[in-house]
Amino acid sequence: MSEPVEVPIDDDVIRLGQFLKLANLIESGSEAKTVIAAGLVRVNDEVEVRRGRQLHIGDVVAIAGHKAIVSA
């Protein structure tokens, strides 16, 4: 798995679907819905199936061998 990339956000929290797109881990919102529902996304090493899951600074998101860390 690749080294995690830090992805800064403007607020204290961001929804998982939005973060996947911001971090360039997916290409569209509809793709986010599909990969999350399929159980292909992990947050802090646990499978996450809620697209609206709120992420906070320090959370680590992984998909398809790529990792991104929510940063300020």
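Which residues does Ser-71 touch, not counting residues up to four places away in sequence? In this predicted model, local features need pLDDT of at least 70 and side-chain atom pairs count only at pLDDT 80 or more, while totals for chains, interfaces and linings use all residues. Residues are numbered from 1 along each chain as its sequence is written, and side-chain values use heavy atoms, with hydrogens and water left out. With contact taken as heavy atoms within 4.5 Å, Ser-71 touches Glu-6, Val-7, Pro-8, Ile-9 and Ile-57. Ser-71 is found in strand E7, where strands (E, at least two residues) and helices (H or I, at least four residues) are DSSP runs numbered from the N terminus. Ser-71 has a relative accessible area of 11% and is therefore buried, a term that means under 20% relative accessible area, whereas exposed means over 50% and partly exposed lies in between (1.4 Å probe, protein chains only).

Strands E1 and E7 run parallel and are joined by 4 bridges; two strands are said to pair if DSSP finds at least two bridges between them. The sheet as a whole is open, with 5 strands in the order E1-E7-E6-E3-E4 and mixed pairing. Strand E1 (5-8) and strand E4 (46-47) stand at its edges with a single partner strand each, so one side of each has no neighbour in the sheet.

On to E3, which runs antiparallel to E6 and is joined to E6 by 3 bridges: Val-43 is found in strand E3, and its bridge partner in E6 is Val-61. Val-43 counts as buried because its relative accessibility is 3%. Leaving aside neighbours within four places in sequence, Val-43 is in contact with Leu-16, Glu-48, Arg-53, Leu-55, Val-60 and Val-61.

Val-61 leads on to the core. A nonpolar core is a set of buried Ala, Val, Leu, Ile, Met, Phe, Trp, Tyr and Cys residues joined through side-chain atoms within 4.5 Å, and in the largest one, which has 19 residues, Leu-16, Phe-19, Leu-20, Val-41, Leu-55 and Val-61 touch the most other members. The elements that give two or more residues to this core are helix H1 (16-22), helix H2 (29-37), strand E3 (41-43), strand E6 (60-63) and strand E7 (66-71). Beyond four places in sequence, the contacts of Val-61 include Leu-16, Phe-19, Leu-20, Val-41 and Leu-55.

Helix H2 has Ala-32, Val-35 and Ile-36 as its buried residues. They lie on the same side of H2 because they cover an arc of only 100 degrees around the axis, the arc being that of the directions from the helix axis to the C-beta atoms. H1, E3 and E6 are among the elements that cover these buried residues. The face turned away from the buried side carries the exposed residues Ser-30, Lys-33, Thr-34 and Ala-37; Ala-37 is exposed because its relative accessible area is 60%. Just after H2, Gly-39 takes a positive phi of about 75 degrees.
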